[in-house]
Amino acid sequence: MTGRIDRIDLKILRLLQNSGRLTNAELAETAGVSAATCHRRIQRLFDEGFIAQVRAMVAPRKVGKGALVMVGVVLDRSTPESFAAFERAIAQLKFVLDCHLVAGDFDYFLKIRVGDMEDFNRIHGEQLIALPGVRQTRTFFVMKEVVDNAPLDF
């Protein structure tokens with residue numbers, strides 16, 4: 001933690017992380033500050049990058065994206081140029097929820113939501129293996145989501 005935020009800011013962050021639908025008045029009351037002070041603090045937390053964005057968490061099954069797939073990717077070369085080319089291309093794929101550069105047997109891990117296995121098979125064959133520098137992929141179909149997108153512990 002930096003010295004720029006205090007216990008009230010931390011309380012506001014925790015409250016928002018657990019329920020982004022709280023009104024400013026509800027946040028202010030729970031945090032023990034006035035509504036105007038709470039509003040200023042939230043704006044500062046946005047401005048300083050403590051809050052990156054606010055959005056609704058959509059239930060994947062309700063919108064036909066019930067299958068979660070993790071994909072390990074190995075590139076053919078480990079150079080800054082090949083990493084940059086891959087990252088530019090992967091950022092354009094709307095079905096990729098997360099892409100992480102990792103250490104170990106893979107270069108990247110992707111988190112992908114699709115409708116079903118057939119949907120993934122099409123995406124894999126048409127788009128994933130055609131990405132720049134991809135030598136190999138290994139696919140893991142998630143059987144059960146035990147913890148997903150848990151709030152940060154701070």
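1. Arg135 touches Val74, Leu75 and Asp76, leaving aside residues up to four places away in sequence; contact here means heavy atoms within 4.5 Å. Arg135 lies in strand 4 (residues 134-141). Helices (H or I, at least four residues) and strands (E, at least two) are DSSP runs, numbered from the N terminus. At 56% relative accessibility, Arg135 counts as exposed, where exposed means over 50% relative accessible area, buried under 20% and partly exposed in between (1.4 Å probe, protein chains only). From C-alpha to C-alpha, Arg135 and Gly115 are 26 Å apart in space and 20 residues apart in sequence.

2. This is a predicted model, in which local features need pLDDT of at least 70 and side-chain atom pairs count only at pLDDT 80 or more, while totals for chains, interfaces and linings use all residues. Residues are numbered from 1 along each chain as its sequence is written, and side-chain values use heavy atoms, with hydrogens and water left out.

3. Helix 1 and helix 3 pack with their axes 11 Å apart, at an angle of about 80 degrees. That makes helix 1 roughly perpendicular to helix 3. Axes are lines fitted to C-alpha atoms, for helices over the stretch in contact, and angles run from 0 to 180 degrees between N-to-C directions. Angles under 35 degrees count as roughly parallel, over 145 as roughly antiparallel, 65 to 115 as roughly perpendicular and the rest as oblique.

4. On the helix 1 side of this contact are Ile8, Asp9, Ile12, Leu13 and Leu16, which meet Cys38, Arg41, Ile42, Arg44 and Leu45 in helix 3. The contact residues divide into seven nonpolar, no polar and three charged. Ala, Val, Leu, Ile, Met, Phe, Trp, Tyr, Cys and Pro count as nonpolar, Asp, Glu, Lys and Arg as charged, and the others, Gly among them, as polar.

5. Ile8, Asp9, Leu10, Ile12 and Leu13 are the buried residues of helix 1. Their cover includes helix 2 and helix 3.

6. Leu27, Ala28 and Ala31 are buried in helix 2 (residues 24-31). They cover an arc of only 95 degrees around the axis, which puts them on the same side of helix 2; the arc is that of the directions from the helix axis to the C-beta atoms. Ala25 and Glu29, on the other side of helix 2, are exposed. The cover of the buried residues of helix 2 includes helix 1 (7-18) and helix 3 (35-47).
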